[in-house]
Amino acid sequence: MVIADESPADHEGHVPEVHDADSHSNGSGGHEDPVAEVLLAILIILFLAKVSGDLFERVGMPAVLGELTVGIILGNWALFTGSHAFDFFKPHPGNADDLTGTVLDMLARIGVVLLLFEVGLESRVKEMVSVGLSSLLVALLGVVVPMLLGFGVGYLLVSENSSEWQVPAFLGATLCATSVGITARVLKDLGRSQDRESRIILGAAVIDDVLGLVVLAVVSGVIVQGADFELITLVKIVGLSFAFLGGTLILGAMQLPAMLFRAASYLRGHGLLVTTALMICFLFSWGASQVGLAPIIGAFAAGLILEGAHYQEAGEKWKNHRLEDALMPLSALLVPIFFVATGIAVDLSEFSGGDVWILAIALTVVAVLGKLVCGLGVREKGLNKLAVGLGMIPRGEVGLIFAQVGQGLKMPDGSSVVDKGTFSAIVVMVMVTTMITPPLLKWAMTRTENGGTDAA
């Protein structure tokens, strides 16, 4: 349909421009499909993410750091060069003519749901139970101490008055969780995955993630309640969080996912394994949202109950197929978009003053110290407590996910709990803790072999 102004010409005799409601014209006057710009953005993101990820891995750093770095460069391209060539990567709410950034933002949000689903798949409830008292104590210390330290930093450096507790509480929650994937990769590269210290670290990191998500649900729920918050509300949110996770585990124990996969195995067609898994993931994510929890909690819970035996026994056509492998192509597309989009949201101009730098440094220091204390939770004699503490340091993707959730939460005055400056400081903390862990953990795990002693 063609739309023009009501009058055929303006008062100077100019003929008004004609607009096509179904498309807009490019410089040559031809048809331009809006999806073309989205595809170009995805092309650029994936290419740069993979190249930078490879470069970082070649120097012993996690690929996620390369993806974040690419995002920071793209998001601040105008600051570096004066050119606004990549501004279309950023979401522009309310601008119907600039959908590329909005589409990328939605893809990133789906990517983070998929990422937490994979974290859940890699976590085993039986392993969490089998690692014993040390892992539980390490995990509890790894939640309580960083949260208290993070709250203190936020209260001193961010809160403008003594009545503002939302930002300090959320910063404390952000420091709780540990990135299982980064530590697991380092231990695997060292060939030390089966060491007692390694099992304690990985078990505690998984428990940390579960407790961290509960803390996130509680803090987010209380912030949303705002002035209407009452003690009964806190009890309700805590109970709801544990009830949701507990109910999920009960469904897993009842073999519900296995039954769903067996039913799906009788259908004909391609991609039934991954489609069934994604439907379960999205159903749990939607369910979590309906009861007032973050969708990522539902995705993590869905991953917890989908163990390898379920999809290997579902049908002969799926024999010897791992769900993680089936999801890999989708993850390779969406997860890098999330990390790059997170980097794009970092505004380096916020660092022009000293406040954000001070916050970033303070968060990094307490993030490291809060996890080093975890080593004190190791009860067995003769184990490398320093290695356990160092293995709990990286925040990685989990810290970024928490920061993203904080951007969507609103203070009583309508502002975001995590503003641009705070978000940028959190990303710096995540990058530093993720960067320092591999070399420090390698040193700590090999020092006893070279005649070192345990740091009790």
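Buried means under 20% relative accessible area, exposed means over 50%, and partly exposed lies in between, with a 1.4 Å probe and protein chains only. With that in hand, take phenylalanine 80. Phenylalanine 80 has a relative accessible area of 46%, so it is partly exposed.

Some ground rules. This is a predicted model, so local features need pLDDT of at least 70, side-chain atom pairs count only at pLDDT 80 or more, and totals for chains, interfaces and linings use all residues. Residues are numbered from 1 along each chain as its sequence is written, and side-chain values use heavy atoms, with hydrogens and water left out.

Back to phenylalanine 80. It sits in helix α3, residues 77-81. Helices here are DSSP runs of H or I, at least four residues, and strands are runs of E, at least two, numbered from the N terminus. Which residues does phenylalanine 80 contact, leaving aside neighbours within four places in sequence? Ile72, Ile73 and Leu348. Contact means heavy atoms within 4.5 Å. Leucine 348 is 268 residues away along the chain, yet the two C-alpha atoms are separated by 9.8 Å.

Next, helix pairs. Axes are lines fitted to C-alpha atoms, for helices over the stretch in contact, and angles run from 0 to 180 degrees between N-to-C directions. Under 35 degrees counts as roughly parallel, over 145 as roughly antiparallel, 65 to 115 as roughly perpendicular, and the rest as oblique.

Pair one is α6, residues 133-157, with α16, residues 354-372. Their axes are 8 Å apart and the packing angle is about 160°. That makes α6 and α16 roughly antiparallel. The crossing is right-handed. For handedness, look at how the near helix is turned from the far one by less than a right angle: anticlockwise is left-handed, clockwise is right-handed. On the α6 side, the contact uses Leu141, Gly142, Val145, Pro146, Leu149, Val153 and Leu157. On the α16 side, we have Ile358, Leu359, Ala362, Leu363, Val366, Gly370 and Lys371. By class, that contact has eleven nonpolar, two polar and one charged residues. Ala, Val, Leu, Ile, Met, Phe, Trp, Tyr, Cys and Pro count as nonpolar, Asp, Glu, Lys and Arg as charged, and the others, Gly among them, as polar.

Pair two is α12, residues 272-290, with α15, residues 323-344. The axes come within 9 Å and cross at roughly 85°. So α12 and α15 are roughly perpendicular. Leu273, Val274, Ala277 and Leu278 of α12 meet Leu323, Ala326, Leu327 and Leu330 of α15.

From α4 come Arg109, Val112, Leu115, Leu116 and Val119; from α18 come Glu397, Ile401 and Gln404. That gives five nonpolar, one polar and two charged residues.

How many of the 13 residues of α18 are buried? Eleven, so α18 is largely enclosed by the rest of the structure. Among them are Glu397, Ile401 and Gln404.

Last stop, glutamate 118, also in α4. Is glutamate 118 buried or exposed? Buried, because its relative accessibility is 15%. Beyond neighbours within four places in sequence, glutamate 118 is in contact with Leu327 and Ser331. Its side chain makes a polar contact with the side chain of serine 331, at 2.5 Å. A polar contact is a pair of N or O atoms within 3.5 Å; within protein, one must be able to donate a hydrogen and the other to accept it, and residues adjacent in sequence count only if both atoms are side-chain atoms.
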